[in-house]
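Have a look, and then let's talk through what the atoms say.

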Amino acid sequence: MSDKFFFQGRQDARQSNLKFGYERNASRISGSKKYPLTLIVTSEARKQEVESLVADAALFAEVTIDSGEGAVESIFELTALLNKKEAVNVVKVPARNEPCSCGSGKKYKKCCG
């Protein structure tokens, strides 16, 4: 018989989608002492520049030089960490009947609102 007529509990249709999406392992922080960044550069001078950027950002990285033909520089992990966006803090506008934030002593609705 079909379960349409004899319901025996909840059938979870979401079981196939439980692992959907990106799960970040919070205990693994890239750029830390335990999990350093792996960066590849093409010259010794560039290695010095990248190491100074890593030191300024207080990160840890293993920088290797690949001077072969067709070598490609790979510092994407470092640029992603350095260009990380900060949270935007918005100043709350006072309510209508609260004192105005300009310091006049009047209510907001009579002064700046």
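Reader: Before we start, what am I looking at, and in what order do the helices and strands come?
Author: This is a predicted model, where local features need pLDDT of at least 70, side-chain atom pairs count only at pLDDT 80 or more, and totals for chains, interfaces and linings use all residues. Residues are numbered from 1 along each chain as its sequence is written, and side-chain values use heavy atoms, with hydrogens and water left out. Helices (DSSP runs of H or I, at least four residues) and strands (runs of E, at least two) are numbered from the N terminus, and the chain has 3 helices and 2 strands. Along the sequence, the pattern reads β-α-β-α-α.

Reader: How much of the chain is buried?
Author: Buried means under 20% relative accessible area, exposed means over 50%, and partly exposed sits in between, using a 1.4 Å probe and protein chains only. Out of 113 residues, the buried share comes to 11%.

Reader: Which residues are linked in a network of salt bridges?
Author: A salt bridge is a side-chain nitrogen of Lys or Arg within 4 Å of a carboxyl oxygen of Asp or Glu, and the whole structure holds 2 of them. One joins Arg 46 and Glu 49 at 2.9 Å, N to O, and the other joins Glu 73 and Arg 46 at 3.0 Å. The linked residues are therefore Arg 46, Glu 49 and Glu 73.

Reader: How far apart in sequence are the parts that Glu 73 and Arg 46 tie together?
Author: Arg 46 and Glu 49 are 3 residues apart in helix α1, about one helical turn. Glu 73, partly exposed at 30%, sits instead in the loop between β2 (61–65) and α2 (76–82), so its pairing with Arg 46 in helix α1 ties together parts separated by 27 residues.

Reader: How far is Glu 62 from Leu 39 in space?
Author: Glu 62 is in strand β2 and counts as partly exposed at 47%. Its contacts, not counting residues up to four places away in sequence, are Pro 36, Leu 37, Thr 38 and Leu 39. Glu 62 and Leu 39 are 23 residues apart in sequence, but their C-alpha to C-alpha distance is 6.1 Å.

Reader: Last one: which element supplies the largest share of the lining of the largest pocket?
Author: The lining has 12 residues, with Arg 28, Ile 29, Ser 30, Leu 37 and Leu 81 nearest the pocket's centre. A pocket is an open set of points on a 1 Å grid over the protein atoms alone where a 1.4 Å probe fits, with protein on both sides within 12 Å along at least five of seven lines, and lining residues have an atom within 4 Å of a point. Both β1 and α2 supply at least two lining residues. The largest share, 3 residues, comes from α2.

Conventions: Contact means heavy atoms within 4.5 Å.
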